[in-house]
Amino acid sequence: DDEVLERELAPGQEGGVPAHLRESLLQMRNAVGELRAGLTTLPPQQRAEFARHCDFYQQQVKIHGAKLQSRSQLDARGQLLGEGQQQKGKPSTREENDRAEVFKLTEARDQLKTEYQRMQQVAD
């Protein structure tokens, strides 16, 4: 599931977020909960090491969740702004050029914001 999510949520993917990705992420979250519940049955020596593995896995789930949320928001914003209906190519007027530039800057800002949020989640 981790590899599938990593590949499907990579930057540059087009289209909506497939339902199977949401399901995979939910399964991963549930698995973390089940693994943590099983910690109490382990001997103390194994418990610490297993807890570290659970922490790492949980961190991966958070990262994928942030990517999924970001992609969903980008898709929703694209639908609202009518992306995909625009013709590819250079804008013909100065106003269109300004709009295209603002759009690119906004997209870059959103990517930086997403990356910053991901870094904050990793730090927590």
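Predicted model: local features only at pLDDT ≥ 70, side-chain atom pairs only at ≥ 80, totals over all residues.

Biologist: Leaving aside its neighbours within four places in sequence, with which residues is V122 in contact?

Modeller: Contact means heavy atoms within 4.5 Å. By that rule, and with neighbours within four places in sequence left aside, V122 touches Q59 and I63. V122 is found in helix α4. Residues are numbered from 1 along each chain as its sequence is written, and side-chain values use heavy atoms, with hydrogens and water left out.

Biologist: What is the relative accessible area of V122, and how is such a value classed?

Modeller: Buried means under 20% relative accessible area, exposed over 50%, and partly exposed in between (1.4 Å probe, protein chains only). V122 has a value of 40% and is therefore partly exposed. In the protein as a whole, buried residues make up 20% of the 124 residues.

Biologist: How many helices and strands does the protein have?

Modeller: Helices (H or I, at least four residues) and strands (E, at least two) are DSSP runs, numbered from the N terminus. Here there are 4 helices and 0 strands, and the pattern read along the sequence is α-α-α-α. Among contacts with a separation of 6 or more, 65% join residues 24 or more positions apart.

Biologist: Which residues of α2 are buried, and where do they lie around the helix?

Modeller: An α-helix has 3.6 residues a turn, so residues three or four places apart point the same way. In α2 the buried residues are L21, S24, L25, M28 and V32. Seen down the axis, they fall within an arc of 100° (taken from the directions from the helix axis to the C-beta atoms), so they line one face of α2. On the other side of α2, E34 and A37 are exposed.

Biologist: Which residues form the largest nonpolar core?

Modeller: A nonpolar core is a set of buried Ala, Val, Leu, Ile, Met, Phe, Trp, Tyr and Cys residues joined through side-chain atoms within 4.5 Å. The largest one here has 6 residues: L21, L25, M28, V32, V61 and L68. Helices α2 (19-37) and α3 (44-81) each supply at least two of its residues, and the largest share, 4 residues, comes from α2.

Biologist: How many salt bridges are there, and which side chains meet in them?

Modeller: A salt bridge is a side-chain nitrogen of Lys or Arg within 4 Å of a carboxyl oxygen of Asp or Glu. The count by this rule is 3. One of them joins R36 and D55, at 2.4 Å from N to O. This pair links distant parts of the chain, with R36 in helix α2 and D55 in helix α3, 19 residues apart. R36 is partly exposed at 27% relative accessibility, and D55 is partly exposed at 41%.

A further bridge joins R118 and E115, also from N to O, at 2.4 Å. Both residues lie in helix α4 (residues 94-123), 3 residues apart, about one turn of the helix. R118 is partly exposed at 24%, as is E115 at 34%. R109 and D110 meet at 3.0 Å, N to O, and D110 is buried at 16%.
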